[in-house]
Amino acid sequence: MSIEIPPGLTELLQGYTVEVLRHRPADLVGFAAEYFTRLRDAREQEAAGGGRRVVSFDGEPMQTESNGEEEPDRDDDDDDDDDDFEPPVINRCNRRVSVCAEAFDPDEEEEDTEQRVVHPKTDEQRCRLQEACKDILLFRNLDQEQLSQVLDAMFERKVKPQEHVIDQGDDGDNFYVIEWGLYDIVVAKDNQARCVGRYDNHGSFGELALLYNTPRAATIVATTEGALWGLDRVTFKRIILKNNAKKRKTYELFIESVPLLKSLEASERMKIVDVIGEKVYQDGERIIAQGDKADSFYIVESGEVKIMIKSKTMTSKEANQEVEIARCRRGQYFGELALVTNKPRAASAYAVGEVKCLVMDVQAFERLLGPCMNIMKRNITHYEEQLVAMFGSSMDLLDPGN
């Protein structure tokens with residue numbers, strides 16, 4: 001089914017989104033009602049008077065689009081010349097549009113309309129880059145040609161301790177993959193900065209501002225020396241965003257059907273679609289291993305997964321035998337326990353027949369699944385009851401490992 005975006009809708013929603021980000025209202029619905037009422041009144045006044053349209057919201061002009069001729073740019077130095085100066089409508093033809101206001105429709109964008117970016121690399125740099133990118137979920141659904149173009153376009157950036165790689169509130173310019181180094185994730189709220197997480201020698205960041213045309217949601221500060229690989233905004237949009245649009249069409253209905261995610265807003269579920277990757281496992285293949293450090297969360301897309309455990313409460317003769325404790329089917333998930341408890345994997349998981357899983361790395365899990373955390377914590381009690389019924393003890397959950 002082909003869906004056509006009505007003319008003017010993109011600009012209309014962008015204007016509203018910018019005002020939401022500026023004012024951060026507690027009541028989004030009430031704010032929207034007031035915003036669009038004022039916009040409608042301004043259009044009626046413009047139609048009656050033939051003048052320019054500038055909509056005021058709490059004393060500040062809102063960004064709107066003019067249907068008539070745009071006024072030419074005025075020099076910024078003239079801003080203080082007249083106390084009664086009325087800010088002009090933004091001239092989108094002559095000025096560079098803010099990154100956060102740029103429109104991009106992956107379905108309409110033509111192939112190869114942008115000149116490809118290539119940063120030359122030595123063989124040694126290329127090998128290091130490939131190693132750093134091998135587990136990046138955003139790259140997993142790219143075909144070989146797309147991945148090659150992405151690697152060609154990436155550039156190396158060395159950082160020093162206390163250097164800010166990106167700052168909260170800034171426009172998104174690059175996506176970054178970590179080669180090595182420690183980086184704090186700092187979020188400012190109510191005039192207080194708080195460290196909410198850390199990247200430890202691997203991972204990636206900066207994609208949210210590029211995916212959703214929003215300001216940076218956090219500040220990333222290097223706490224040691226380190227090395228990053230950056231991907232420019234244009235290449236990211238041309239390849240990653242276009243690929244993500246195809247992925248959304250594939251996965252959005254499935255994600256909506258997952259019981260765990262039903263409590264999330266639609267926009268939150270779409271962010272999950274954007275960061276997940278798909279992995280296929282063959283019959284008998286081990287997906288996760290008991291005792292390993294947890295790095296991913298899994299949702300079964302198709303097939304069946306059996307959960308096996310070696311119990312410490314068994315006799316020595318039985319100690320090396322794994323016992324099946326559960327099966328996961330389409331829409332069910334596993335691997336969350338170790339991420340919630342910050343402990344090693346308490347069980348192993350094996351594919352039964354061919355299995356397709358949607359995989360989310362630990363950084364995305366912590367960032368996007370916060371609203372589901374209470375549900376997952378409640379499941380720990382259920383797991384304990386299962387182990388007590390089978391082995392007479394829940395020690396394997398409290399003290400996991402081989």
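Which residue is the bridge partner of Y183 in β7? In this predicted model, in which residues are numbered from 1 along each chain as its sequence is written, local features need pLDDT of at least 70 and side-chain atom pairs count only at pLDDT 80 or more, while totals for chains, interfaces and linings use all residues. Side-chain values use heavy atoms, with hydrogens and water left out. The bridge partner of Y183 in β7 is Y199, and this pair belongs to the antiparallel pairing of strand β6 (residues 182-189) with β7, which extends over eight bridges. Helices (H or I, at least four residues) and strands (E, at least two) are taken here as DSSP runs, numbered from the N terminus, and two strands are said to pair if DSSP finds at least two bridges between them.

Strands β6 and β7 form a hairpin with two residues between the strands, and within this hairpin D190 takes a positive phi near 55°. Both strands are part of an open sheet of four strands, which has the order β4-β9-β6-β7 and antiparallel pairing. The edge strands of this sheet, each pairing on one side only, are β4 (164-166) and β7 (192-200). From one strand to the next the twist averages 30°, where axes are lines fitted to C-alpha atoms, for helices over the stretch in contact, and angles run from 0 to 180 degrees between N-to-C directions. Strands of a sheet pair through backbone hydrogen bonds, either parallel or antiparallel.

Strand β9 (residues 219-222) runs antiparallel to β4, to which two bridges join it. Across this pairing, H164 stands opposite V221, and I166 stands opposite I220. Four bridges join β9 to β6, again in the antiparallel sense, and here T219 of β9 is the bridge partner of V186. Both faces of β9 are covered, since T219 and V221 on one side and I220 and A222 on the other are all buried; buried means under 20% relative accessible area, exposed over 50%, and partly exposed in between (1.4 Å probe, protein chains only).

The loop between α6 (207-212) and β9 contains N213. Because its relative accessibility is 15%, N213 counts as buried. The side chain of N213 makes a polar contact with the side chain of K237 at 2.9 Å, a polar contact being a pair of N or O atoms within 3.5 Å, of which, within protein, one must be able to donate a hydrogen and the other to accept it, and for which residues adjacent in sequence count only if both atoms are side-chain atoms.

A further open sheet is formed by four strands in the order β3-β10-β5-β8, with antiparallel pairing. Its edge strands are β3 (155-159) and β8 (204-205), each of which pairs on one side only. Strand β5 (residues 174-180) pairs with β8 in the antiparallel sense over two bridges, and Y176 stands opposite F205 in β8.

Q162 lies in the loop between β3 and β4 and, at 55% relative accessibility, counts as exposed. N201 is placed in the loop between β7 and β8 and is partly exposed, with a relative accessible area of 38%.

A search of the whole structure finds three cavities of 30 Å³ or more. On a 1 Å grid over the protein atoms alone, a cavity is a set of points where a 1.4 Å probe fits but cannot get out, and lining residues have an atom within 4 Å of a point. The largest cavity holds about 100 Å³ of space, a volume being the space filled by probe spheres set on the points, with grid points joined across faces, edges and corners. Its lining consists of I136, L137, L138, S204, E207, V275, D361, Q363, A364 and R367. The elements that give two or more residues to this lining are α4 (137-140) and α10 (362-368), and the largest share, three residues, comes from α10. By class, the lining has five nonpolar, two polar and three charged residues, where Ala, Val, Leu, Ile, Met, Phe, Trp, Tyr, Cys and Pro count as nonpolar, Asp, Glu, Lys and Arg as charged, and the others, Gly among them, as polar. A364, in helix α10, is buried, with a relative accessible area of 4%. A364 and L137 are 227 residues apart in sequence and 9.8 Å apart in space, C-alpha to C-alpha.

Technical notes: On a 1 Å grid over the protein atoms alone, a cavity is a set of points where a 1.4 Å probe fits but cannot get out, and a pocket is an open set with protein on both sides within 12 Å along at least five of seven lines; lining residues have an atom within 4 Å of a point.
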